[in-house]
Amino acid sequence: MTEPTYNPWHHKPWWCQPWSIILTAITLTGGTWVVTHLWWLTVIVGIPLGLWMSFFVFLWPSLMRQALAQQSSEPLTPPN
């Protein structure tokens with residue numbers, strides 16, 4: 001029997017879930033295009049939002065799992 005995998009999303013509120021992060025990035029990037037019709041401004045808005053979304057949806061969960069694994073493998077030492 002395998003041990004259940006830690007899911008960091010269970011500890012986040014609804015507004016910080018993968019679906020809300022992706023929806024926010026798409027809405028803001030698309031909204032920039034709808035309002036301005038300037039491709040260069042849409043790209044300027046979309047790149048940081050895409051990086052932000054990618055970090056929190058793909059990289060952050062694996063970093064949390066690694067931190068938990070490292071923390072659970074370290075021996076407990078009493079505080080000084």
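Modeller: One convention before the helices: an angle over 145 degrees between N-to-C directions counts as roughly antiparallel. Also, this is a predicted model.

Biologist: Fine. How many helices and strands are there?

Modeller: The protein chain has 2 helices and 0 strands.

Biologist: At what angle do α1 and α2 pack?

Modeller: The angle is about 175 degrees, and the axes are 9 Å apart. α1 and α2 are therefore roughly antiparallel to each other.

Biologist: Which residues meet there?

Modeller: On the α1 side, they include Ile 21, Ile 22, Ala 25, Leu 28 and Trp 33. On the α2 side, Trp 39, Val 45, Leu 49, Trp 52 and Phe 56 are among them. Over the protein chain, 57% of the contacts with a separation of 6 or more are between residues 24 or more positions apart.

Biologist: Switching to the surface. Which residues form the nonpolar patch?

Modeller: Among them are Trp 33, Val 34, Val 35, Trp 40, Ile 44 and Leu 51. The patch has about 1,100 Å² of accessible area together.

Biologist: Which elements give two or more residues to it?

Modeller: α1 (18-36) and α2 (39-73). α2 gives the most, with 6 residues.

Biologist: And Val 35, buried or exposed?

Modeller: Val 35 lies in helix α1. Val 35 is exposed because its relative accessible area is 69%, and the cut-off is over 50%.

Biologist: What about the whole chain, how much counts as buried?

Modeller: 18% of the 80 residues. The accessible surface comes to about 6,500 Å², with 71% of that belonging to carbon and sulfur atoms.

Conventions
Residues numbered from 1 in each chain as written. Predicted model: local features only at pLDDT ≥ 70, side-chain atom pairs only at ≥ 80, totals over all residues. Heavy atoms only, no water. Patch = residues over 30% accessible without salt bridge, like charges linked within 9 Å, V, L, I, M, F, W, Y side chains within 5 Å. Areas by Shrake-Rupley, 256 points an atom, 1.4 Å probe, with all protein chains shown as cover. Salt bridge = Lys/Arg side-chain N within 4 Å of Asp/Glu carboxyl O. Helix = DSSP H or I, 4+ residues; strand = E, 2+ residues; numbered from the N terminus. Buried < 20%, exposed > 50% of the residue type's maximum accessible area, 1.4 Å probe, protein only. Axes fitted to C-alpha atoms, helices over the stretch in contact; angles between N-to-C directions. Parallel < 35°, antiparallel > 145°, perpendicular 65-115°, else oblique. Contact = heavy atoms within 4.5 Å.
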